[in-house]
Amino acid sequence: VIGNVAPTSNPAIVLPMIERELAQYGLLAPVRYSRSSFVHGYLRIYVSSLDQGHRACAELAGKLEVDGHVLSISLSAGRADSLFPKFPYHVRSQLRVDSVAAYSVADQVLADQTTHLIALAAACLLRVGE
């Protein structure tokens, strides 16, 4: 999983940049994304083996930079990747999300945006009362 991708980035520009970076390390892994994952700041790469995944994480940690953002790279933690894309792998991999929670919880990015909107609304309401 490649994280910290700027949601405002253009996939047509970012994806080839990431693929070029991966190729420099001998990783010709296809990069997969959905509109949702891109907006939420992460992409998935598929490698041929777990060893190659560990190597990619070790060799690329802190070295991938696109659009001024240093990208994170980690193994996948399954559904937790999409729910908590900003958490590091060691946290995501320890989360246990049952089938009910997986579809009834707001993902981290949406929850952060909702919190921001509520704070703005509260600030506006407080100003009205002055």
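L64 is found in the loop between α3 and β4 (65-66), where helices (H or I, at least four residues) and strands (E, at least two) are DSSP runs numbered from the N terminus. The model is a predicted one, in which local features need pLDDT of at least 70 and side-chain atom pairs count only at pLDDT 80 or more, while totals for chains, interfaces and linings use all residues. Residues are numbered from 1 along each chain as its sequence is written, and side-chain values use heavy atoms, with hydrogens and water left out.

With a relative accessible area of 1%, L64 is buried, a term that stands for under 20% relative accessible area, as against over 50% for exposed and values in between for partly exposed (1.4 Å probe, protein chains only). Apart from its neighbours within four places in sequence, L64 is in contact with I2, E21, H69, V70 and L71, contact being defined as heavy atoms within 4.5 Å. I2 and L64 are 62 residues apart along the chain, and their C-alpha atoms are separated by 9.2 Å.

In the protein as a whole, there are seven helices and six strands, which follow one another from the N terminus in the order β-α-β-α-β-α-β-β-β-α-α-α-α. Of the 130 residues in the protein, 32% are buried. Among contacts with a separation of 6 or more, 57% are between residues 24 or more positions apart.

Pockets were then examined. A pocket is defined on a 1 Å grid over the protein atoms alone, as an open set of points where a 1.4 Å probe fits, with protein on both sides within 12 Å along at least five of seven lines, and its lining residues have an atom within 4 Å of a point. Grid points are joined across faces, edges and corners, and a volume is the space filled by probe spheres set on the points.

The largest pocket holds about 350 Å³ of space. Its lining comprises 23 residues, of which G3, N4, G41, P85 and K86 are the closest to the centre, and the elements that give two or more residues to this lining are β6 (72-73), α5 (89-92) and α7 (108-128).

The second largest pocket has a volume of about 190 Å³, and the residues lining it include V1, R44, Y46, C57 and I73. At least two residues of this lining come from each of β3 (42-45) and α3 (50-60), and α3 supplies the largest share, three residues.
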